[in-house]
Amino acid sequence: MIHPSYVELMKVVNNNVEIGEEPVVNSRYSIVIAAAKRARQIIDGAEPLIARPKCNKSLSIAVEELYTGAVRIVSDDEDLDEGEEA
């Protein structure tokens, strides 16, 4: 059993979404892709954003970061908007 479950992760990621807005994550696929991308960053040398990860495996660290809110999932539109501001 995976902990936290996909459902729990989706609730945490979509926690700050206002009523009527589109959720950040609509499917398990989106959670899996986000965790895989973050795990790849950790494998490539990025430091974990949590002080004491429960496990030393990159995917477990990535899932824990998502669950604790240390990593935020942004849509492609938000990513472009932030890039234009910089």
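1. Of the 86 residues in the protein chain, 24% are buried. The model is a predicted one, and the remarks below should be read with that in mind. Among contacts with a separation of 6 or more, 33% join residues 24 or more positions apart.

2. The protein chain contains four helices and zero strands. In sequence order the pattern is α-α-α-α.

3. H2 (residues 28-43) and H3 (residues 58-68) have axes that come within 8 Å and cross at roughly 120°. The crossing of the two helices is right-handed. On the H2 side the contact is made by Ile-31, Ala-34, Ala-35, Ala-36, Arg-38, Ala-39, Ile-42 and Ile-43, and on the H3 side by Ser-58, Leu-59, Ile-61, Ala-62, Val-63, Glu-65 and Leu-66. By class, the residues of this contact are 12 nonpolar, one polar and two charged.

4. Helix H1 (6-13) also packs on H3. The angle between H1 and H3 is about 45°, and their axes are 8 Å apart. H1 and H3 are therefore oblique to each other. In this contact Glu-8, Leu-9 and Val-12 of H1 meet Val-63, Leu-66 and Tyr-67 of H3. The residues involved are five nonpolar, no polar and one charged.

5. For H1 and H2 the packing angle is about 80°, with the axes 10 Å apart. H1 is roughly perpendicular to H2, since an angle from 65 to 115 degrees is counted that way. Tyr-6, Leu-9, Met-10 and Val-13 of H1 meet Arg-28, Ile-31 and Val-32 of H2. This contact has six nonpolar, no polar and one charged residues.

6. Which residues form the largest nonpolar core? There are 10: Leu-9, Met-10, Val-13, Val-25, Ile-31, Ala-34, Ala-35, Val-63, Leu-66 and Ile-73. H1, H2 and H3 are the elements that give two or more residues to this core. Another core, of five residues, lies apart from it and includes Ala-39, Ile-42, Ile-50 and Ala-62. As background, nonpolar side chains tend to be buried together in soluble globular proteins.

7. Leu-9 is a member of the largest core and takes part in the contacts of H1 with H3 and with H2. With its neighbours within four places in sequence left aside, Leu-9 is in contact with Pro-4, Ile-31, Val-63, Leu-66 and Tyr-67.

8. The buried residues of H3 are Ser-58, Ile-61, Ala-62, Val-63, Glu-64, Glu-65 and Leu-66. They pack against H1 and H2. After H3 comes Gly-69, which has a positive phi, near 90°.

9. Is Glu-65 buried or exposed? Glu-65, which lies in helix H3, has a relative accessible area of 0% and is therefore buried, the limit being under 20%. Not counting residues up to four places away in sequence, Glu-65 touches Arg-38, Ile-42, Pro-48, Leu-49, Ile-50, Ala-70 and Val-71. Of these, Arg-38 and Ile-42 are also listed in the contact of H2 with H3, and Ile-42 and Ile-50 belong to the core of five residues.

10. Val-7, in helix H1, has a relative accessible area of 52% and counts as exposed because the limit is over 50%. The C-alpha atoms of Val-7 and Arg-28 are separated by 8.0 Å, with the two residues 21 apart along the chain. From Lys-11 to Pro-23 the C-alpha to C-alpha distance is 9.7 Å, at 12 residues apart in sequence.

Conventions. Residues numbered from 1 in each chain as written. Predicted model: local features only at pLDDT ≥ 70, side-chain atom pairs only at ≥ 80, totals over all residues. Heavy atoms only, no water. Axes fitted to C-alpha atoms, helices over the stretch in contact; angles between N-to-C directions. Left-handed = near helix turned anticlockwise from the far one by under 90°. Contact = heavy atoms within 4.5 Å. Nonpolar A, V, L, I, M, F, W, Y, C, P; charged D, E, K, R; others polar. Buried < 20%, exposed > 50% of the residue type's maximum accessible area, 1.4 Å probe, protein only. Core = buried A, V, L, I, M, F, W, Y, C linked by side-chain atoms within 4.5 Å. Parallel < 35°, antiparallel > 145°, perpendicular 65-115°, else oblique.
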